Amino acid sequence: MESAQQHGTAEGDGGPATRPAESGTALELLVHGVGGTTPEQMLGDPRTVRITGDDVAAVFRRADDADAERRPAGDREGPVPEAYVWCNLTSGNGSRALWLLLLPFMVVNLAHWMRPAARGSRRPVRLYGLLVRLTGLSLTVLLVAAACEVALDLTAWQCAGTRACADRHSWLGFLSPGISDGGWWSAPGRRLALAALIPTALTALLWFLSRRTWSAYESQQPMTQDPEPGDVGAPTALSRPGFWYGRRLGARLRAAHTAAGLLTVAAAVGSAAARYDREPGSPAALAVLGALLEAALAAAAGAAVWVVCRRGRSERRADGALDRHLVRGLPLAALVLLALSVLYAGWERPGWESSGRLPGDATFGALALAQGLLVIVLAGVAHALHRTDPDRRSAMRGLAGPAVAMLACALGGVMSGGVSQRVADWLDGTGTSVPGPPVLLTWQASVIPPLLVVLLVMCGWLARRAWRIARAERAAVEREYAGETGDPGRTRRIASVRAMAALTDRGPRILAVTSAATLLLGAGALVGALTTDRTPGEATRDSYAVVHGAAETAQALGSWLIGLGFILFVTWGRRAYRDASARRTIGILWDVGTFWPRAAHPFAPPCYAERAVPDLTWRIATWTRSTGGRLVLSGHSQGSVLAAAAAWQLPPSVRRRVALLTYGSPLERLYGRWFPAHFGPDALGALHREVDCWRNLHRRTDPIGGPVRLPGDRGPDVDRPALRDPLAYGRTEAHPLPAPILGHSDYQADPAFAEERRRLLARLRPGVPAPRHTEEPGGGPAA
C-alpha cells in the first residue's frame, strides 16, 4: 500500500493539511469487527492508501479519494469512504498465542467491568472494585506459587533429595546429595536458592510484558477537551476524559503484583530454612535472622496489599501522574528481600536434609479459601448494587461479575494444578519415590469429572432448547417466505440457524450453573483436603467399596483430564504460532476479552481499545473541525462497540455532527447485558439523544449482533426490523443461485444497508442538523 503522503494528503501535528472548511464533503468511517479484515476488502478497491496511522492501526482510503476534500463535493456521489483497520492490535504475529497463558488474568479483569449499574452512594462501587482487585492479586500469587511448587518443591526439594528420583534424571545429579557425594549445591537451602531462579524469571517476564505492552498499546494520550455549555456528561464512565488512560493505576498495580510475586518466591525459599532453624539445637542467631526475615516479608506483603486497596481508577481526568517512589521502591524492596532470603537459605546447616513436601502446602489452601470468600462477598456487594437500580435485562441479575471472577479462580487453579500434576508424574514415573504435589491439588483434580457431568447436562439442556426453538421457527420461516416455501430441508436449515443463534441469550444461565457448581465443588475439595490431609482415594479407603471406587476413578480421571487440558492448551498456542488461521481464532477471542482497560490485573493481555478509541476520536474530531463536514460512523460487530466508545469521547458539538450506523452489533445483546454499568439502557439512550442519528441492523440468524432495544420515549427508533436472511428462499430472478444464510457476516449485501445509509447521509449536509422527528419520503420516522 502506498502512503498518502505521496498524494499530498498527509496530516501534520495540527490535523489535516490545508483542507478547505465547509467543503460539503461527507465522510463514512468504516470500523471492522472481530477477526479483522483488509482495507481493500472494506473499501472494495485493490488500490488503497494510508491516510494516517502506522503498521499497527491506520486509516485507509481508496487511491482515487486521497484528496477528495480538495475537489468540489458535486464531483462524486455519496460519502468518501474511509476504513479504520485495527486487527493488528489483537491478531498480529504468532507470539500473541502466548497470551493464552494469561487467560485467568483476562477473565478476572472482565469481572471488574461487569459491575451492575447503581444509584446513590459510591462506597459499594469502590468496594466492588477493591474486591476484584484483591481477587486478581490472589491469582498472581497462585501462578507464582504454582511455579514455586514445580521448581522448588517437586524438583529441587523432593526429586533432587531422593536418590531413586534423581537417578532417573541425570541433569539433577549435581543437586542430589547421594549422586554428587555431598556437593556444594546439594544442600537443601542451596537447591532451593538455585531453583528460585525459575519463578523469579516468570515474575520478571510478567512485569516486562506488562510494561512493554502498556507502552505499545495503552500509552496513547486521549483528546483533551474543554467543557462546553450545557454538557452534563453521559450516564456512563466511557464518556469521561480519563477512561482510556489508566497510567497511574496500571503502574501501581504492576508494582504491587510484581512485588507480590517476588515475595511469594522469597517466602517459598526462606520458610523451609526458618522452620529448620526453629528446631531445638539450631543456632540461635539463624533462628533470630529467620524470624526477622519472615517479619519483613509479612510487612512487605502488607504494603503490596495496601497499594492494591489504596487507590482505584481515576477517570474524570487523564491521570498522567506517576507515583515514582512507590512504583520503583516496592518491587525493589521485594527483590532485596528475595536476595536476603536466598542468602539466608544458602547458609551452611550441617545435618539438614530434605524430606516430605516443602512447608508450603497450606499456601494453596489459604489461597483457595481467600478466593472463595472474596467471590462470596463480591456477590453480596453486586446484589446490593443491582437492587439500587434493577435492570431486568442485566445478566444474572447483576451477579455476572462474581460468577466470572469465580471462573477466573477456577481457571487459575486448574492451570496451576495441571502443571504440578504433570510435572510430578514426569519426575516420579513410579509414583512411589516422592510425595508429589500438595493434597489439595489432587482434590481439585478429582472434582473435574463431576463438573464435566454438570456441563454435559447443560449441553443436553441446550440441545433440547435448540430443538424446540427450531421447531417453532419452522412456522415463522414459512410465514416470512410465504409463497416461496416448499423445500422442507431448506426450511429446517434456516430454522436451525436461527435456533443456534438464539442460544447466545442462554449464556447467563450456563454461566450461573457452571460458577455455582465450581464454587460448591471447590469448597468440597478444600474441606476434604484440610480435614483428611490425604488424597480422595486414600481418604475413602475404609468407606464403602462404591464410594472408594468412585473416588479413585475421579482422582485418576481428573488428573488425566487436567493434564490433557493443559497439553491441548499448549498445543493450541503452538499451532497458533505456526498457523495463521488458528492465530486468527485466538485473535477473535482477544477482540472480545481485551476491549476493557487493565483495571483489576496488570498482567492481563493489553487493552487494544486504549489505542483504537483515541485513534477514532482524534480522526473524527480533527476531520470535522477542518472541513466543517458531518460524518457517518459505520461499525460492524466489535467495531460498533469501538464506534460507540469513540462517540462518547467526542465533544458534544462534534458528537451532534456524527451519525451512527451499526450492524451485527453486540452493544445491547452482549455488552448491555453483561456490562450494565457502562452499556445499560441509560447509557445507550443518552448516546442516541446526543448523536445526530443512529440506525441499527440485525438478523435473527446472527449469534452475536442484535437489536439495541431502546424504548420509544428515547427518540426515533434505532432498530430496523430484523433483516431477512437468506435474502431469498429459493431461486428467483434477482437470485438465480441459492442465496446463502449470512448470519453475522456481509451485512452490506442486504439492500437495507444501502437504504439506511442513504437515509443517514441525507441528513449529513453542512449546516444545521435536520429535526430528529421529520418524516422520510414514503413514511416512517427519520433516524
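**Crossing of helices H11 and H12 in the predicted model.** The axes of H11 (residues 400-427) and H12 (residues 439-446) come within 10 Å and cross at roughly 115°, so the two helices are roughly perpendicular to each other. The crossing is left-handed. H11 contributes Gly413, Gly417, Ser420 and Gln421 to the contact, and H12 contributes Leu441, Thr442, Gln444 and Ala445. By class, these are two nonpolar, six polar and no charged residues.

**Salt bridge between glutamate 668 and arginine 393.** The closest N and O atoms of the pair are 3.0 Å apart. Glutamate 668 belongs to helix H22 (residues 667-674), while arginine 393 sits in the loop between H10 (361-388) and H11, the two being 275 residues apart. Glutamate 668 has 8% relative accessibility and therefore counts as buried.

**Salt bridge between arginine 498 and glutamate 473.** Here the closest N and O atoms are 3.2 Å apart. The pair links helix H14 (residues 488-502), which holds arginine 498, with helix H13 (residues 448-480), which holds glutamate 473, across 25 residues. Both partners are buried.

**Salt bridge between arginine 669 and aspartate 505.** The closest N and O atoms lie 3.1 Å apart. Arginine 669 is in H22 and aspartate 505 in the loop between H14 and H15 (507-532), so the pair ties together parts that are 164 residues apart in sequence. Arginine 669, at 9% relative accessibility, counts as buried, whereas aspartate 505, at 27%, counts as partly exposed.

**Salt-bridge network of Arg695, Arg720, Glu755, Glu756 and Arg759.** Salt bridges with shared partners join these residues into one network. The model has a count of 25 salt bridges.

Terms used:
Residues are numbered from 1 along each chain as its sequence is written. This is a predicted model: local features need pLDDT of at least 70, side-chain atom pairs count only at pLDDT 80 or more; totals for chains, interfaces and linings use all residues. Side-chain values use heavy atoms; hydrogens and water are left out. Axes are lines fitted to C-alpha atoms, for helices over the stretch in contact, and angles run from 0 to 180 degrees between N-to-C directions. Helices (H or I, at least four residues) and strands (E, at least two) are DSSP runs, numbered from the N terminus. Angles under 35 degrees count as roughly parallel, over 145 as roughly antiparallel, 65 to 115 as roughly perpendicular and the rest as oblique. A crossing is left-handed if the near helix is turned anticlockwise from the far one by less than a right angle, and right-handed if clockwise. Contact means heavy atoms within 4.5 Å. Ala, Val, Leu, Ile, Met, Phe, Trp, Tyr, Cys and Pro count as nonpolar, Asp, Glu, Lys and Arg as charged, and the others, Gly among them, as polar. A salt bridge is a side-chain nitrogen of Lys or Arg within 4 Å of a carboxyl oxygen of Asp or Glu. Buried means under 20% relative accessible area, exposed over 50%, partly exposed in between (1.4 Å probe, protein chains only).
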